[in-house]
Amino acid sequence: MSEWILGIDLGTTHSAVGTVDCGFPILLANEDGRRITPSAVWIGRDGTLEVGASALRRRTLEPDRVVTSIKRLMGRRAAELEEHFPVPVATGNDGLPRVLGRTPEEISAEILREMKRIAEWRMGAEITKAVITVPAYFHDAQRAATKRAGELAGLEVVRILNEPTAAALAYGLDKLGDHARVAVYDLGGGTFDLSILEMHDGVFQVLATHGDTRLGGDDLDALIVRRVRERAGIDECGGVLRVRLMEEAERVKRVLSDEDEAVFRVPFYDGSHSIEQTFSRADLESIAAPWIQRTLRHCRQALADAVLKPEDLDAVVLVGGSTRIPAVRRAVAGLFNREPDVSQHPDEAIALGATIQGGVMSGALRTVVLLDVTPLSLGVETFGGLMNVLIPRNTTIPCKAGEMFTNAADDQVAMRVRVLQGEREMARDNWELGNFDVAFATAPKGQARLGVQFKIDENGILEVLARDVSTGADTVVKIGNAAVNVDDAAVETMVSESVEHAFTDMAERVFTEAKLKAEELLPAVDAVLGQGLAMDNERGEIEAAADAVRKALTTGSGNALKAAVQRLDSATEALAARLVEQAMDEAMERGMA
């Protein structure tokens, strides 16, 4: 067996890790079943550390102890830094920045250490080597800082790989022919670059690259916050308020990538006043226009440096989470006179390319054989009768994927795993391949954790593993040839039906998910109001929002219910934060007693 080499995307907003297993590159999910992990580190006053989603959850109470976007400080002197950073930045005796007493390399090392831990947990072995990606426009000091961070995390960094090259590997530039050129437009959370790559006789060559290591989604969030502050007349913005505004700006930006309107809502931001401003997609595009134009200037410069015209390219590939914004895609299409290729997952392409590079270096990908694919998606039924896809259709086998689930009710003693195949949103409309029960110790709702993994071997044998996280006990069921042995006519019928019913299926899914959230939120809200824990100035809005949810539950409209639930969630945000803080204070008092 060849040596494992990790592929790691150390991103501004999210990070991801992968390796080559069974001859194929795979990204590895964390305990929450997610293949991307927030690049966030909480540093407690006693030196305690948390990384990822758990660190982000601490921002409400300790915004000055949670470090995000640390990538923007890597390899730079304190005098070079932008005016605003999520937490205070000090200057060390060496002129380099310090955040909560630590260097950017030390903080980045904690993120890389978490990536290493996830990989070793998933693969069941110690892994000490990695390929780590950086923006093409990173200079030597930034690259050296990234390598030092890897070494601090206990990794031998066998290569620092440019992100556009990684994206080209994930895209499959080598499959376009002996001579192909692509432009990779990489707009992430904190950095941007446009690189033009050429594949000639099996060798990658970067013809030109241009970009800005201080240009990304974070900057658009800041522009949205500036507009909100101008409308609301807010002069000072720091600490908890800045964190809340930036978080809401990111949410509104994401919503407007799919919808035409969103409400920027921050209740009781100063204890008595609330922000509620409506943003249309046109508003966002107006705010984003100068930001997008900055990226296009770099694109034109890269084309000029490569002495190429847009028509000389075979494709323009988009990667990075910020490329989900429709205005960005339109602008790129207009500049290059072609629709950009969006086949790569914006948040995962870089890590996948790094994983491929690691596989090549380890020798694991030298004898890759293309095998069959899954003709239909495979997944499990989740609470509410929804289909949760673990392996999408047309995934090359062998492959494996997993996700973490929790118990849906108090005192539940077992969970039924229904294995499904199909393309519909609701479990009842797909085919059941089998089912089995997994017992576990009783626990409050949401506390028992069950990991489910699908693994398909080269012969199309589907193996389903369910693990009780608390005991480590495994239940394994094999379903012979279910992954690939499906009649072509039946596959065509299933796919056709999924297209035909796409809108109604999605509407039902949206309503079901919102209904589950409402049924969880309403009793908690009623209990808090019944105990008189809400302040007078917030009680009216909470009651009105709760009534709106109850009314929406009777309409059957998924969008209306989803909007009502979001309104109730926002209305109770300040109250929830206060109750959490109160509970923590009480716990500390009990501990000191």
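Glutamate 261 belongs to strand β15, which spans residues 261-266, strands being DSSP E runs of at least two residues and helices H or I runs of at least four. Together with Asp258, Glu259 and Asp260, Glu261 forms a negative surface patch, a patch being made of residues with over 30% relative accessible area and no salt bridge, with like charges joined within 9 Å.

This is a predicted model, in which local features need pLDDT of at least 70, side-chain atom pairs count only at pLDDT 80 or more, and totals for chains, interfaces and linings use all residues. Residues are numbered from 1 along each chain as its sequence is written, and side-chain values use heavy atoms, with hydrogens and water left out.

The whole structure holds 36 salt bridges, each defined as a side-chain nitrogen of Lys or Arg within 4 Å of a carboxyl oxygen of Asp or Glu. Three of them are listed here.

| Pair | Closest N to O distance |
|---|---|
| Arginine 231 and aspartate 283 | 4.0 Å |
| Arginine 509 and glutamate 513 | 3.2 Å |

Because glutamate 285 lies in helix α7 and arginine 330 in helix α8 (residues 326-336), their pair ties together parts 45 residues apart in sequence. Arginine 509 and glutamate 513, by contrast, both lie in helix α11 (residues 502-530), 4 residues apart. Arginine 509 is buried at 13% relative accessible area, where buried means under 20%, exposed over 50% and partly exposed in between (1.4 Å probe, protein chains only).

Arginine 65 is also buried yet has no salt bridge, the nearest side chain of opposite charge, glutamate 62, being 5.1 Å away.

Conventions:
Patches are made of residues with over 30% relative accessible area and no salt bridge: like charges are joined within 9 Å, nonpolar side chains (Val, Leu, Ile, Met, Phe, Trp, Tyr) within 5 Å. Accessible areas come from the Shrake-Rupley method with a 1.4 Å probe; for residues, only the protein chains shown count as cover. Lys and Arg count as positive and Asp and Glu as negative; His and the chain ends are not counted. The place of a charge is taken as NZ of Lys, CZ of Arg, CG of Asp or CD of Glu.
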